Structures are given as C-alpha cells and as structure tokens.
Amino acid sequence: MTNNIQAIRGMHDVLPEQTPLWQYAETIIREVLASYGYSEIRLPVLEKTELFKRSIGEVTDIVEKEMYTFDDRNGDSLTLRPEGTAGCLRACLEHGLLQNQVHRLWYYGPMYRHERPQKGRYRQFIQLGVETYGMSGPDIDAELILLIDRLWKRLGVRDKVTLQLNSLGTIAERLVYRNNLVEYFQKHLDQLDEDSLRRLQTNPLRILDTKNPAMKEVVENAPELMDYLGEDSIQHFKAITAILDDLGIGYSINTRLVRGLDYYSKTVFEWVTTELGSQGTVCAGGRYDGLIEQLGGKPNHAVGFAMGMERLLALMESIELTIPPSVDVYLIRAGEQAERVGMQLAETIRNEIPGLKIQVNCGGGSFKSQFKKADKTGAEFALILGDDEVSRGEVAIKALRDAEIPQQTLSHIDLVAFLRDQFSA
C-alpha cells in the first residue's frame with residue numbers, strides 16, 4: 001500500500017474549523033486599514049534573488065541559511081519571498097509610485113523561510129505588511145503605532161501586548177556607535193557566545209538583542225545608542241512619544257531594541273507578548289529611509305511594519321471570542337417535491353436577503369441526521385421542508401440557539417420577512 005503524501009515540513013494546512021478565526025481577523029484588519037486610508041497592493045511571491053541580497057544583505061541568516069532559492073529554466077536565480085518590504089518597494093520603484101507622491105500601502109500573503117519549525121513559526125507563514133512612503137515627519141511613525149493599537153483593541157488582545165520603542169538615529173550616528181560597540185565587545189570576547197562572535201564583524205547591533213542569559217551582564221553594560229544621537233534624531237523621537245502620550249498609548253523605551261539591517265534609521269518598535277513563550281514579538285516595524293537608495297531609487301522616506309498572522313491567531317486563541325457562524329440558516333429537505341422546491345426557495349431567500357448565509361442539505365438523510373448537520377454548522381435557524389409543507393406553500397422554522405423563539409410554520413413570503421427581521425443587524 002502506498003503511503004499518503006503529507007505536507008512539507010513547516011508548511012501547514014488551515015482546516016475548515018480554523019478558518020472562521022482567520023476570516024474574522026482578516027475582516028477586522030481590512031476595516032482598520034481602510035479607516036486610516038491605506039490601500040492594498042498585491043505582490044508576487046517570487047522575486048529575483050538579487051533583490052533580497054541587496055535589501056537584506058548577503059551576510060545575514062536570512063540570505064545565507066533561510067531563503068528558498070532556485071534557478072529557473074532560463075538560469076535566473078529566483079527566491080520565494082522571505083519578507084514583503086523589498087518586494088513592495090521594488091514594485092513602487094518599478095511603477096514610478098515614489099515620484100513626488102506619498103503612499104500608504106498594505107499587503108497580505110505567504111512568506112517563506114527555511115528555519116526550524118515551532119509553534120508560531122513556520123516555513124510558510126502568513127504576514128501582514130504595511131508600508132508608507134514619502135513622509136519624513138514623526139507623525140506618520142506615530143500613526144502606524146496608533147493603527148496597530150486600534151487593531152489590537154478591535155481584535156480583543158490589547159491587554160495581551162506591550163509596546164517597546166527605540167531610536168536608531170541616522171546611519172551616520174549609528175556608524176559612530178557601531179565602532180564604539182565593536183571596541184567594547186572586543187574587550188569582552190570571552191563572554192560572547194559563538195553567534196555573537198560571528199555577528200561582531202557583520203552585524204554587531206544584533207548582539208544587543210541576544211536571548212542568551214549568560215550574556216545579560218555584558219550586554220547591559222554596553223554603550224547605549226541613545227547617547228550617540230544628534231538633536232534631529234532626538235527631537236523626532238520625542239515628537240512620537242508626545243503624540244502617544246497625548247492619546248494615552250502606553251509604551252516602554254527599550255534601548256536594546258534594534259533592527260538587524262543597516263537601512264533602518266530613527267524609529268524602531270515592537271509589540272511583544274508573554275503569552276506565546278519564546279516567540280514574544282507579534283508585530284515589529286520602523287523607519288527605513290535608507291533602503292530606497294539601496295535599491296536604486298532617489299532619496300526618500302519610508303516607514304512600515306510587519307505582523308505574523310500565525311502568532312496573532314495564537315494570541316487570539318488565548319481569549320474567549322465569539323466568532324460569527326459560517327452558516328445562518330440550514331434548510332432541511334425530505335421528499336421528492338421538497339428536494340426540488342427547496343433549491344428554488346434557497347435561491348429566492350438569497351436574492352431577497354443578500355449576505356444571508358444559507359446552507360441547503362444535500363445528499364439526503366433522515367430528519368434526525370439532517371438536524372445534527374444543521375446543529376454542527378452553528379446555524380441560528382433550521383428550515384424544515386417536507387412534501388406536506390410544499391403542498392401548502394409553507395415552511396417550518398425552528399430556532400436552534402434560542403429556546404425562547406417558538407417553532408412556527410410560515411408562508412414563503414412571511415418566511416423572507418421573518419429572516420430579514422432576524423438578521424437585519
């Protein structure tokens with residue numbers, strides 16, 4: 001007997017009983033983004049490998065170890081996107097969207113990284129990305145944080161996350177800091193782990209983000225980037241915190257919070273949780289003005305964030321949520337005439353009440369088995385149609401969730417009126 005083919009390791013299925021929570025979250029995300037005037041952009045999952053080497057950097061774990069890269073039939077090196085920022089910016093440059101324009105954009109879809117799968121981290125994962133272009137002031141940085149805060153509230157998880165802020169200053173300011181940081185760590189090589197020793201020459205700021213408890217003391221005593229910031233960077237950061245203070249958005253300043261890529265500047269932020277074990281970051285972002293020139297564009301401004309949906313959904317599963325059922329009304333049919341008329345009746349109801357979710361029993365079965373199916377869907381009402389009801393031009397309706405509503409028999413016209421009244425909200 002041939003073994004069944006299974007999904008690739010780290011690439012998981014989202015089953016029908018799980019999709020209502022995904023759809024619920026996705027609907028709210030779209031509503032919140034629309035309320036701030038953000039527009040969707042849809043991007044390919046495949047890009048030229050060079051795009052990620054130039055944007056992320058060749059001496060990073062993502063490029064060196066995690067990307068799904070292959071040569072196509074023409075010999076071109078292609079990569080399944082490991083993140084969305086580079087592709088979004090590539091599209092904007094290619095189509096001239098950054099020429100004396102401002103844009104607020106978002107995208108949603110699968111990303112790919114070959115890393116060790118664990119809860120909340122997969123090799124194919126779904127990510128929401130939000131990118132803004134052409135705005136240099138601190139107000140757009142703050143707006144992104146306010147948008148995320150509103151999203152947490154709408155999703156019911158605001159008390160599960162906390163906001164951490166930092167400023168990386170300008171690239172020039174960070175270069176001075178970088179040199180001093182390397183000098184400091186070189187005096188403490190015996191306290192650095194293997195990963196930090198490797199990063200010391202390639203990306204020393206990432207050492208500050210280590211999760212190794214044995215390095216806690218050496219990291220705490222390292223120079224702080226805030227001490228190297230110029231007046232403009234300091235005022236930019238203070239303006240952001242002032243907006244957040246005015247609106248009562250809580251935050252903490254984490255001077256060890258860094259983004260590992262050289263094109264980041266000034267604002268960086270993370271929303272973190274203690275509910276998901278070691279995978280504590282649910283959303284992260286910052287200002288990345290330097291990437292536009294790095295990809296061949298003229299000097300410009302960019303701020304954005306990314307949010308992993310699997311981690312967000314895991315967070316939402318930790319609270320009690322009432323998700324609207326996928327079916328409102330279930331139509332039970334028994335008898336030859338009822339089978340035929342039932343289909344017509346369902347279509348009439350859909351025409352009269354757009355948006356009503358009505359499922360028709362198919363495949364036969366006894367009344368008892370059909371009622372079990374109706375209950376399993378989560379439907380509010382079951383419509384019962386037999387040949388006797390057909391002969392009288394009526395339908396019986398039974399409430400499945402509210403015992404206070406009596407079972408009754410209605411004409412087709414009255415049934416439509418009844419359902420419209422029940423689901424008008």
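Arg333 and Glu339 are joined by a salt bridge, with their closest N and O atoms 3.1 Å apart; the term stands for a side-chain nitrogen of Lys or Arg within 4 Å of a carboxyl oxygen of Asp or Glu. Arg333 is buried, at 5% relative accessibility, whereas Glu339 is partly exposed, with a relative accessible area of 29%. Buried here means under 20% relative accessible area, exposed over 50%, and partly exposed in between (1.4 Å probe, protein chains only).

The model is predicted: local features need pLDDT of at least 70, side-chain atom pairs count only at pLDDT 80 or more, and totals for chains, interfaces and linings use all residues. Residues are numbered from 1 along each chain as its sequence is written, and side-chain values use heavy atoms, with hydrogens and water left out.

The whole structure holds 19 salt bridges. One of them pairs Arg90 with Glu47 at 2.8 Å, N to O. This pair links distant parts of the chain, as Arg90 lies in helix H4 (residues 85-94) and Glu47 in strand E2 (residues 46-48), 43 residues apart. Helices (H or I, at least four residues) and strands (E, at least two) are DSSP runs, numbered from the N terminus. Glu47 is buried, with a relative accessible area of 9%. Another salt bridge, between Arg158 and Asp149, has an N to O distance of 2.5 Å. Its Asp149 is buried at 3% relative accessible area, while Arg158 is partly exposed at 22%.

Helix H6 covers residues 171-186, and its 16 residues reach 22 Å from the first C-alpha to the last, close to the 22 Å expected at 1.5 Å a residue. That expected span is 1.5 Å times one less than the number of residues. The buried residues of H6 are Glu173, Arg174, Tyr177, Leu181, Val182, Tyr184 and Phe185. They lie on the same side of H6, because they cover an arc of only 165° around the axis, taken from the directions from the helix axis to the C-beta atoms. An α-helix has 3.6 residues a turn, so residues three or four places apart point the same way. The cover over the buried residues of H6 includes helix H7 (194-202), helix H8 (216-220) and helix H9 (231-246), where contact means heavy atoms within 4.5 Å.

Val45 sits in the loop between strand E1 (39-40) and E2, and is partly exposed at 31% relative accessibility.
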